[in-house]
Amino acid sequence: RVLELYGKQKHLFGETDSSYYLRTGRCCKFLGRFDQALDLIEEALRLDRNSAEILAEFGDCYGLLNEIDYSKVLFREAFYLDPQSIDLELIESGFMVRLIERVKEDVLREEEIKEWIPVYAVIYQVFDVKREMKELEAGRLRQSIYGLRSELKSPDKEWRIIPRLLYRYFLLVDYYLSSGTERSKIDDILKRIELLDPEIFKLYIS
């Protein structure tokens, strides 16, 4: 009935409103209509390409259709963009549900769980499917790292900044390894990871 209601109210959202397609797609996903959900959420993503919330839903649909590799790539991007906008309760893909439960065992504060999910996804080799990063993207990644490092001066933001920095360092190491960058740059990033969180560093290199 909810799906039928959304269909009747489409005119209230407008053709360029991604929220209509996202909400309708979610309804289809909950009903097990994964292919239909995928089409609707893809349309939502076309209208709002920088939405972590939509990317996560798109990844969840692919996961439920057993397209695990592509699902991992989408979740990887979503958690890079904005972990806080992702509703963990709506994620149904088995590999992500297991990851979330595992992170909850290690991270006690509720608001921090979303931030640490991508870090532990790398540590536990859940985000093991990597896509090639272009130099322009790598430049933006380095710029993002620089911005986050400057925010570390604010102690009240550390709970959010530290896991985001770690995740970006992991992505930068991947880029350096794939692009044949000199070892000294990789070692520099590894040292920064160790200084930021020695325990995570040990897990990362083990």
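Author: Before we start, a contact means heavy atoms within 4.5 Å. With that cut-off, among contacts in the protein between residues at least 6 apart in sequence, 56% join residues at least 24 apart.

Reader: What kind of model is this, and how are residues numbered?

Author: It is a predicted model, in which local features need pLDDT of at least 70, side-chain atom pairs count only at pLDDT 80 or more, and totals for chains, interfaces and linings use all residues. Residues are numbered from 1 along each chain as its sequence is written, and side-chain values use heavy atoms, with hydrogens and water left out.

Reader: How many helices and strands does the protein have?

Author: There are 12 helices and 0 strands. Helices (H or I, at least four residues) and strands (E, at least two) are DSSP runs, numbered from the N terminus.

Reader: What about the surface?

Author: The protein exposes about 11,400 Å², and carbon and sulfur atoms supply 48% of that area. Accessible areas come from the Shrake-Rupley method with a 1.4 Å probe; for residues, only the protein chains shown count as cover. Of the 206 residues, 46% count as buried. Buried means under 20% relative accessible area, exposed over 50%, and partly exposed in between.

Reader: And how many charged side chains, positive and negative?

Author: The protein has 32 positive and 39 negative side chains, and the centres of the two sets lie 3 Å apart. Lys and Arg count as positive and Asp and Glu as negative, while His and the chain ends are not counted. The place of a charge is taken as NZ of Lys, CZ of Arg, CG of Asp or CD of Glu.

Reader: Changing topic. Is Ser-71 buried or exposed?

Author: Ser-71 counts as buried because its relative accessibility is 0%. The residue is found in helix H6 (residues 68–81).

Reader: What does Ser-71 touch?

Author: Not counting residues up to four places away in sequence, Ser-71 touches Gly-59, Asp-60, Tyr-62, Gly-63 and Phe-95. A polar atom of the Ser-71 side chain lies 2.6 Å from the backbone oxygen of Gly-59.

Reader: What is in helix H3?

Author: Thr-24 is one of the residues in helix H3 (residues 18–30), and Arg-26 lies in helix H3 too. At 5% relative accessibility, Thr-24 counts as buried. Arg-26 is buried as well, with a relative accessible area of 14%.

Reader: Where does Ile-41 come in?

Author: Thr-24 and Ile-41 are 17 residues apart in sequence and 8.2 Å apart in space, C-alpha to C-alpha. Arg-26 touches Ile-41, along with Glu-53, Glu-57 and Leu-90, not counting residues up to four places away in sequence.

Reader: Which residues other than glycine have a positive phi?

Author: Among them are Asn-66, with a phi of about 65 degrees, and Gln-125, with a phi near 60 degrees. Most residues other than glycine have a negative phi.

Reader: Where is Asn-66?

Author: Asn-66 is in the loop between helix H5 (52–64) and H6. At 61% relative accessibility, Asn-66 counts as exposed.

Reader: And where is Gln-125?

Author: Gln-125 is in the loop between helix H8 (110–123) and helix H9 (135–151). At 60% relative accessibility, Gln-125 counts as exposed.

Terms used
Buried < 20%, exposed > 50% of the residue type's maximum accessible area, 1.4 Å probe, protein only. Polar contact = N/O pair within 3.5 Å; in protein donor to acceptor, adjacent residues only side chain to side chain.
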